[in-house]
Amino acid sequence: MQKLHAAITAVGGYVPKYRLTNAELETMMDTNDEWIQSRTGIKERRILKGEGKGSSDLAVEAVKVLLAKRKIDPTEIEMVICATTTPDMQFPATANVICDKAGMTRAWGYDVNAACSGFIYALTIGAQFIETGRHTKVLVIGVDKMSSIMNYEDRATSIIFGDGAGCVLLEPDAEGNGIIDSILRSDGKGRAFLHQKAGGSVKPATIETVMNKEHFVYQEGQAVFKFAVKNMAEVAAEIMERHKLTADDIAWLVPHQANKRIITATAERMNLPAEKVMVNIEKFGNTTNGTLPLCLWEWEGKLKKGDNVILAAFGGGFTWGSTYVKWAYDSE
Ligand code: UT7
């Protein structure tokens with residue numbers, strides 16, 4: 001009997017309207033368009049404006065796009081896994097808030113926090129519930145409102161991040177398409193180079209932590225860059241080798257969008273030409289958990305049933321990994 005796979009059967013995405021351009025950043029800090037573009041590939045990023053708006057509001061818009069496209073009622077969704085580093089609140093889980101706001105009243109769910117690798121971690125978890133037959137409709141969301149934890153006085157970090165959300169629907173597939181395999185890794189020693197200093201149980205919020213700007217992303221860019229280039233490229237190459245895939249067999253690489261130079265290094269290690277690599281970092285920057293599903297959302301029309309697609313990510317933790325997907329449908 002053919003093994004039951006979890007197939008991605010629909011994709012949704014959403015980015016907020018406000019465009020924070022490199023030109024505007026030049027008015028906020030000592031930086032320039034040439035530096036940002038040559039070091040990162042980013043021209044602009046989207047920012048969610050408005051009081052009382054959080055990651056769930058971005059995610060709900062992406063979910064609505066997906067449900068409308070697939071003509072699915074929200075009550076048909078059985079489970080929601082939300083990958084985010086910027087939850088609406090410490091608790092409850094943003095997945096619960098999204099279910100409420102989108103009318104997914106029969107779903108249960110929770111959040112996954114694995115920084116920029118969160119989406120492939122969540123995808124791998126969601127796939128298990130389909131493969132075991134426990135559920136038939138699992139929604140996996142990747143979302144971040146990175147602007148909520150950005151210090152716009154820190155020019156080395158704030159220029160790369162943006163806000164955005166994407167989501168995919170997982171359903172059973174008996175034809176051999178879907179999520180075939182994942183290699184997921186982590187190394188907690190990497191926390192020294194990329195973290196948020198205060199607001200957790202180790203260092204709860206005080207007036208001092210706020211005054212010291214310890215509720216923002218702290219990143220030692222060069223150290224993170226070195227690990228990202230090495231590990232994202234290696235894990236993507238490893239999953240190819242495990243499945244005896246050559247560059248010719250691969251239709252698309254879907255890389256985490258942290259820095260154009262990291263993406264290029266990964267593609268080179270896989271021997272992939274640029275035409276097979278999804279890149280939208282110039283428009284959206286690094287939306288953390290949003291990057292991979294936002295790529296799938298933008299490229300959905302070009303993906304064909306049976307395409308071999310490799311997802312790869314690297315992020316805080318450190319966490320990293322790669323997922324091999326056989327695409328399950330032709331877009332209408
Ligand atoms: O998604 C999660 C994982 N995160 C990543 O993968 C990010 C990995 N890291 C990076 O992408 C890069 O390290 C950054 C884009 C964050 C920074 O680029 P970099 O080439 O590593 O720059 P740097 O921090 O080493 O700084 C080089 C120089 C410094 O000046 P000096 O000391 O050489 O005079 C910085 O002060 O560039 C300066 N600099 C800037 N200049 C203009 C740093 N940021 C800026 C800026 N504009 N925005």
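**Contacts, helix packing and salt bridges in a predicted model**

Me: Leaving aside neighbours within four places in sequence, with which residues is G164 in contact in this predicted model?
Reply: G164 belongs to strand β7, which covers residues 163-173. Neighbours within four places in sequence are set aside here. The contacts of G164 are then Y14, V15, P16, L58, G142, V143, D144, T287, G290 and L294.

Me: Is G164 buried or exposed?
Reply: A residue counts as buried under 20% relative accessible area. The relative accessible area of G164 is 0%, so G164 is buried.

Me: How are helix α8 and helix α9 oriented, roughly parallel or roughly antiparallel?
Reply: Helix α8 (residues 221-242) packs against helix α9 (residues 260-269) at an angle of about 30°, and their axes are 9 Å apart. Angles under 35 degrees count as roughly parallel. The orientation of α8 to α9 is therefore roughly parallel.

Me: How many residues of the contact of α8 with α9 are nonpolar?
Reply: From α8, the residues F225, A228, V229, M232, A233, E234, A236 and A237 take part, meeting R261, I262, A265, T266 and R269 of α9. Of the residues in this contact, 3 are charged and 1 is polar, while the nonpolar ones number 9.

Me: Which residue forms a salt bridge with K3?
Reply: The closest N and O atoms of the pair are 3.7 Å apart, and the cut-off for a salt bridge is 4 Å. K3 lies in the segment before β1 and its partner in helix α5 (residues 118-131), so the pair ties together parts that are 128 residues apart in sequence.

Me: Which residues are linked with E171 in a network of salt bridges?
Reply: E171 and K137 meet through their side chains in a salt bridge, with an N to O distance of 3.0 Å. This pair links strand β7, where E171 lies, to the loop between α5 and β6, where K137 lies, 34 residues apart. E171 is buried at 10% relative accessible area, and K137 counts as buried at 16%. The residues linked with E171 in the network are R70 and K137.

How values were computed:
Residues numbered from 1 in each chain as written. Predicted model: local features only at pLDDT ≥ 70, side-chain atom pairs only at ≥ 80, totals over all residues. Heavy atoms only, no water. Helix = DSSP H or I, 4+ residues; strand = E, 2+ residues; numbered from the N terminus. Buried < 20%, exposed > 50% of the residue type's maximum accessible area, 1.4 Å probe, protein only. Contact = heavy atoms within 4.5 Å. Axes fitted to C-alpha atoms, helices over the stretch in contact; angles between N-to-C directions. Parallel < 35°, antiparallel > 145°, perpendicular 65-115°, else oblique. Nonpolar A, V, L, I, M, F, W, Y, C, P; charged D, E, K, R; others polar.
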